[in-house]
Each structure stands twice: as C-alpha cells, then as structure tokens.
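Please work through each task before reading its solution.

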Amino acid sequence: MLKVSIVVPVYNAGDYIDRCAPSLLHQSLGRDAYEIVYVDDGSTDDSTQRLDRLAARHPHVRVFHQENSGWPGKPRNVGVRMARGEYVQFVDQDDELTPEALEHLHRLATRNASDIVLGKVIGTMQGPSSLFRRTVEQCTVEDTPLMDSLTPHKMFRRDFLLDEGITFPEGPVRLEDQLFMARAYVRAKRVSILGDHPCYVWNRRDDGGNTSSRASTPETYYGHLRTVVEEIKANTRPGPLQDHLLRRSYRVELLRPVSEPRVLQRTGSALERYFSVVRDMARDCYPPGVRDGLPAITRLRAHLLEEGLLESLVELASRTQKIRPHYTVDDVRRRDGSLVLTTTFAMLRPDGEPLTLVERYGRLLLDPELLDGIKGAEDWEVPHPLSHAHGELLVHDTARNLWWFPDTALTPSTQSLGRGRHRVVLTGETVIDPLTLAGGGAMPVGTHLVWANAQLLGSGRRTRLTGGADSPRPPALRVGTPPRLVIPGWGGPAGQLRLSVGRPGHATVPHRVLLATTAAPGVRRAARTVIRRLPADVRKQVRTLARRADPWAAAQRD
C-alpha cells in the first residue's frame, strides 16, 4: 500500500495547475511512496489537457475526468474512493505543499496512529494561528481548539473516512469544508498537529477566484451554516462540549455581520436583511450556554442581537472598533543565550482612557463610559473578567512569511485604578531563543519582526511591538556553532522591534539593505503593485523566480 494519496479537485485551473504541480511531484517522501490523484470536475478550459500531460510524464500521477458537479465536494469524495494510500492529503488546485510536507506529516501520523493530522499552514490566505504554536502528538476536539481550523487541507487516515462514512456534501454547498470537518473532528479518536514545520501553502489567487470568495445571499450562507450546527448537535450531547464546539460558529460567522467592520459598512435594507437572518438563527439554533461562555464584549453583542437591538449593535461597533491596545516593554535582557522581554498589556477606550471594570454592589460592570447611551447595554455584568484574557508575542520571519511563537508566560490580573475602577492587564515574560525558535531549529539569516497579540474582555488586537525613546535597549546575542549574531533594535517607520540574524563578519552593505527593506511593509506592498502591473507573461516569470528564490541563500553559504 502507498503511504499517502494527494487528492486535488480541479475545475478550470489553467496555469495554476503548473504552479501547484511541482510542489506535489517532488515530495521528499519518494515517488514510490505516494501518488497524486487529480479529479477533473468537467473543466471547460485546457485543464484537461494539462492534467493528461502530467499523468503521461509522471507515473505517480493519476487523473479522473467527470461531469461537472459544481463544487469541490464530489471530486474530493471520488478522489478518496480512488486513493490507494493509507492516508489522504487534500490540496486545492491553486495551493502548494512544502517539499518535505508529506514526509513530516506521515511520520507524525504513523507514530500516533492518527485519524487526522493538521500541518502548519502558511501563505497569503493564512495569518498566524496559535493552534500551530507547538507540535502536538495526540489530542481531540475535547481538549484542543481544533474548531479554529476548519479547512480540509489536512491529512486523513483513509480507512477512518471510509469506516465512519465521512464525506463532503456534493453540489453547490457553501461551508462544505466546515461540515466535513465537523463530522471528522467529533469522530476522531486521535488528532495530531505539526507545528514545527510549515506544510501547506494556502494562496490567494491573483484573480480573486478562490472558491471561498464566491458571492452568496445571507439566506443561502446561513442556511448552510444551520446544517453545520445541526451536524454538531446531532453528534454531541447537550452540555459544555457541545456549547464549546458551537461557540466558534456563533462568534465568527453569526456575529460577523453585526460586528465591526461589517455592521458599519452596510446600511438600510442590506443591513436589516443580514440582521434578521442571523438573529433568527441565533435564537433558533444555539443553546444558552453558547452565548454565556463568550467574553464580555462578545457576549454583549450576542445579547443585543437576540434582543433585536440593531441600532445598539451599530453604536457598540462604532465605539469598540476604536479600542486600541496599550503595552509597555518593561525590560529587555539577555539570559542564557536568549532574549527575555517583560511586557504589560492593557486596552484603551477611544478617548485614550483605560478600558475599565466598575465595581458596584459587589458586581463588576463593563466600562459604563464606553457603553453610555447604548440601549440594552446598561449595567453589563462581567462575572469572570480573566477567563478569556490571554496574550503573546509573535516573531515574523519576513523573508519566508513564517510566524513563530516564542515561550510566553503572561498572567492576567485586575489592577485597581481607584474609586471602584479596575482594568484587566497581562504581565509576564517572553523568552526568544534564537537556537530553537524556528520549529525547534535556529532562526535563519534574515529579518524577523516582533508583534504583540492580546485578547482582553472580548477585544482582540494584534499590533507591532514598538518602542520609544525611553524603551530599553535590547542587547545583541552571539549564539550557536558556527556562530550567529542576533542584533535586536527598534527600527523602521514604526520603531518596531526587529531581530536581524546573520553571520559575524558577513554583514555587508547589500546585506544590511536587504535586512532593512524586507522588513518594510511599504516596500513589500510597492513590489506587489509593480508586479501586478507587469504583462501577464512577464508577471508569471517574475513570480516563478520569486517562489524559487531564497533571499538569504547567499548569506548562509558565506
């Protein structure tokens, strides 16, 4: 039996086939150990010919052509049935795998007899996800927030899918990925997460043609979301686990049209239409425990939604979108070859004052000044102000667009501001070890930017970790064999903390220029703008070269 079958649904992919194929054809697992199964869903362009040419040239490629079904569900189901591998890895036609993805994923899967393996996702469609903070050998949906990852770009044990009857809905069904993953997660006995190696490159198409971008009416979209909710309810008992699994769709999908920025962008009948649809679903489909387990501001939105207070939701959004994070870098020091940062996080209201809790008659109420005049938000109680408070520092490898999570220990607490007023803060240390940060390995040569992420009272923000004139001067580190020099500094237009990693004695002028420019968001945006304006054939060549290029290869060979 083969180790892995890659299943790729295809419809009118055009030259995206040629972009995706090299990453699949040359996996380090070895051609004798895996296969690629393309299922052509009745393409009307030249995709059919492109796929047949691939199969003619590569013995480990198989192609099946079928009549158009209108969506990726049926082609994926067909691919699973055709697969000859012990495990199945789903890949979309416009995405890629990293060269060693199958090898790492399959090793983790067989070591744990996993039903599902989640590989670290990178690319233009994916930001940092704390789910991939570390590699997890075994977990389940009961003890890990797996519902935060509902795309099917994962590796599945084929017999698990067949024995449990887990399939994609067929035809034009929105949220088919969520329905499939909901079915899989609640049945999986062992799930593994590969967090120390990037595996799946999830790309945003240049023409905006990703399936998820297709337009849909609110009635259609939320009708399909109801199906997902009912699937979860049908396969779990009422109680804390079911509430936990449903809370993600309530918070992310259901509240999206009545939260900033969406609720401030729509007006008139369009806004009222979305409001009516999601309110009906909130009242019909979700047990009370789902709403009760949300953080303070999110729970208030849910309350206003279910009470039918659209104007209050709009006003709340106009105020909460102006909440901004406030942090201080209290100390930066060197310890045992690592950089140790002590930070404090809080949130500020739109007027620049702390977002507070006010104590009245033994109860803690959400900031009355923030909520002043909002009907239905009066005396909004926050019984557990620290239960959803968390934060972390992140390190962004700008050249490779990889996010890493250093060891962070931030503790939430309430600080008294006097006269019965309190604020919630996160305080603690983050240890950046240059020799282990990158998935257990050393930070590669290049520029790495440090970001801050915090969630307090239902307000979440990610921002650059910047410093001012009074900020501590971070020390340089010399680590490893052969030695590497890590030079931290507050730089760039925003004064962001960035870590420049290189070999001692090899920091040439061009190297310094690269360190500066690759860290500048404006430069990267300008480069993308220039590339988009090139003729199509030239643009394709430039992108091909860019994908193959390692901006630090020369520096690493020095």
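A crossing of two helices is left-handed if the near helix is turned anticlockwise from the far one by less than a right angle, and right-handed if clockwise. Helices are DSSP runs (H or I, at least four residues), numbered from the N terminus. The model is predicted: local features need pLDDT of at least 70, side-chain atom pairs count only at pLDDT 80 or more, and totals for chains, interfaces and linings use all residues. Residues are numbered from 1 along each chain as its sequence is written, and side-chain values use heavy atoms, with hydrogens and water left out.

**Exercise 1.** Determine how α12 and α13 are arranged.

Solution. Step 1: the axes (lines fitted to C-alpha atoms over the stretch in contact, with angles from 0 to 180 degrees between N-to-C directions) of α12 (residues 296–306) and α13 (residues 310–320) come within 9 Å and cross at roughly 160°. Step 2: α12 and α13 are therefore roughly antiparallel, a term for angles over 145 degrees. Step 3: α12 passes α13 in a left-handed crossing.

**Exercise 2.** Classify the ring pair of Tyr250 and Tyr286.

Solution. Step 1: rings of Phe, Tyr and Trp (its six-membered ring) pair if their centres lie within 6.5 Å; planes under 30 degrees apart count as stacked, over 60 as edge-to-face and the rest as tilted. Step 2: the centres of Tyr250 and Tyr286 are 5.0 Å apart and the planes stand at 80°, so the pair is edge-to-face. Step 3: Tyr250 lies in helix α8 (residues 240–254) and Tyr286 in the loop between α10 (268–285) and α11 (288–292), 36 residues apart.

Conventions:
Helices (H or I, at least four residues) and strands (E, at least two) are DSSP runs, numbered from the N terminus. Angles under 35 degrees count as roughly parallel, over 145 as roughly antiparallel, 65 to 115 as roughly perpendicular and the rest as oblique.
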